[in-house]
Every structure is written in structure tokens, then in C-alpha cells.
Amino acid sequence: MFETIIENEISATAFLVCTLASLLLGVVIALGYMFRSQYSKSFVVTLALLPAIVQMVIMMVNGNIGVGVAVAGAFSLVRFRSVPGNAREIGSVFLSMAIGLATGMGFIWVAAIFTAIMVVFTVFYTVVGFGRAKSAEREVKITIPENIDYTNLFDDVFKEYTSFSELVKVRTVNMGSLFQLVYRVRLRDVNKTKEFLDTLRCRNGNLDIVCSLPAYGKEEL
């Protein structure tokens, strides 16, 4: 049913069609990952570009077993024998290896076109802000007395002021006499942040409340 568009040799049309398809599917994968997930811009942009980079490597191998073994060894060295970097750095290393493989096999025109395409899309994703976390997302830390059941304590408040809320961590503080609840929320209106906090203060007995931008982990692949 499905047939490859690549015959014995890689034509310019086949190369461009495969690359554009990889970029399109990469965006779809990135958007799916972003849905109700905590993410960083660097990781999402790299996720959108990675299918095209891998596609480039596969096209260069093109059934050559020797080249395939060499590529597998080189990529394992990059991932496990180098100092860990963020997602964009690792993606750039993979891109450089793909281009080096292309030029090493004599596909100079393929390497030049692919480099131009990847650089243009990298700059485009960065300029348009693709993958940037929503500005209304906040991390809210609420301190409550240990004798209060926190299960549904703030549900109605979150329903009124946020479009999404999730309890991500609970820990005891002050030698177990208090609970600290950590929520990830998305505010409906950032201009009502003070009103939102004032409402929470009425529920937790005016104990400490911290509202800040979410802290993401290290951007790794």
C-alpha cells in the first residue's frame, strides 16, 4: 500500500518532500507533547526539528550496512560520552553529525540545502516564540494547619480564577505542624492575581502563600 518516493538515488524532489513532511510531523508531535504538559521552549523546538534530522541520517545511510554501523557508534558516543547539555545543544550536535555524514558521502548539495532549511526553521521557531510557556502559568505554594483536610479545600477558588489546576506536591513544614501544598495553575486573568491570593488567604488562615512563575527542570533530551 505504502511505497517509498526514493528510488535508487535520492532526487531533489524526494529530499524536499521528505524534509518538509518531517518538519510538519515534528510540529504535530511537539504540539501533542505541549498539551497539558510542563515544557521548556528549548525542548519543544528541538522536538519539532528532530524528525527532520533523523530523516536526514536515514536517507544518507540508505541501506548501506557499513555506514549504518558507523552512524550508530558515532551517535552513541555523542549521547553517552560527552558532557550533558540542554536540548538545543544536543539537537545541534545531531544536526552537525547529519550534515557531516552527508558531506562525507559526497552529497554536498543535499547537505547545503538541508543546512539552510534547518537554520531557517530554527530561527523561525525562535523568533515566533514557538513552544514558549504560557505567561498565565503559575506555581502556588499554600501553607495550611496540619489539622485541615486539604483534599477539596481550594477547588471552588481554583475553578473561579484558573482554567487549570493541579496539586503536584504536599510536604510538612515547621516540624509537622503545617502542610505546604504546591499547585501548578493557569490563571484566567493575570490582572486578578491579587484578588486570587486574597481569596486563598481567607481559606488558609492568613498563613504564607507564594505565587511565582513555574520552575522547570534542566532542559535535557
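**View 1. N174, in the loop that joins two strands.** N174 is exposed, with a relative accessible area of 54%, where exposed means over 50%, buried means under 20% and partly exposed lies in between (1.4 Å probe, protein chains only). This residue sits in the loop between β2 and β3, and N174 has a positive phi of about 55° although it is not a glycine. This is a predicted model, in which local features need pLDDT of at least 70 and side-chain atom pairs count only at pLDDT 80 or more, while totals for chains, interfaces and linings use all residues. Residues are numbered from 1 along each chain as its sequence is written, and side-chain values use heavy atoms, with hydrogens and water left out.

**View 2. The open sheet of four strands.** The strands follow the order β2-β3-β1-β4, with antiparallel pairing; helices (H or I, at least four residues) and strands (E, at least two) are DSSP runs, numbered from the N terminus, and two strands pair if DSSP finds at least two bridges between them. The edge strands are β2 (162-173) and β4 (209-212), each of which pairs on one side only. From one strand to the next, the twist averages 15°. Strands of a sheet pair through backbone hydrogen bonds, either parallel or antiparallel. β2 and β3 (residues 178-187) pair in the antiparallel sense over 10 bridges, and the bridge partner of V173 in β3 is L178.

**View 3. Helix α7 and the loop to β4.** N206 is found in the loop between α7 and β4, and N206 has a positive phi of about 60° although it is not a glycine.

View 4. The structure holds zero disulfides, a disulfide being counted as a pair of cysteine sulfur atoms within 2.5 Å. C202 is exposed, with a relative accessible area of 69%, whereas C211 is partly exposed, at 25%.

**View 5. The largest pocket.** The largest pocket has a volume of about 180 Å³. On a 1 Å grid over the protein atoms alone, a pocket is an open set of points with protein on both sides within 12 Å along at least five of seven lines, a cavity is a set where a 1.4 Å probe fits but cannot get out, and lining residues have an atom within 4 Å of a point. Among the residues that line the largest pocket are V45, R88 and M118. The elements that give two or more residues to this lining are α2 (41-61), α4 (87-104) and α5 (108-128), and α2 gives the most, with five residues.

Key. Axes are lines fitted to C-alpha atoms, for helices over the stretch in contact, and angles run from 0 to 180 degrees between N-to-C directions. Grid points are joined across faces, edges and corners, and a volume is the space filled by probe spheres set on the points.
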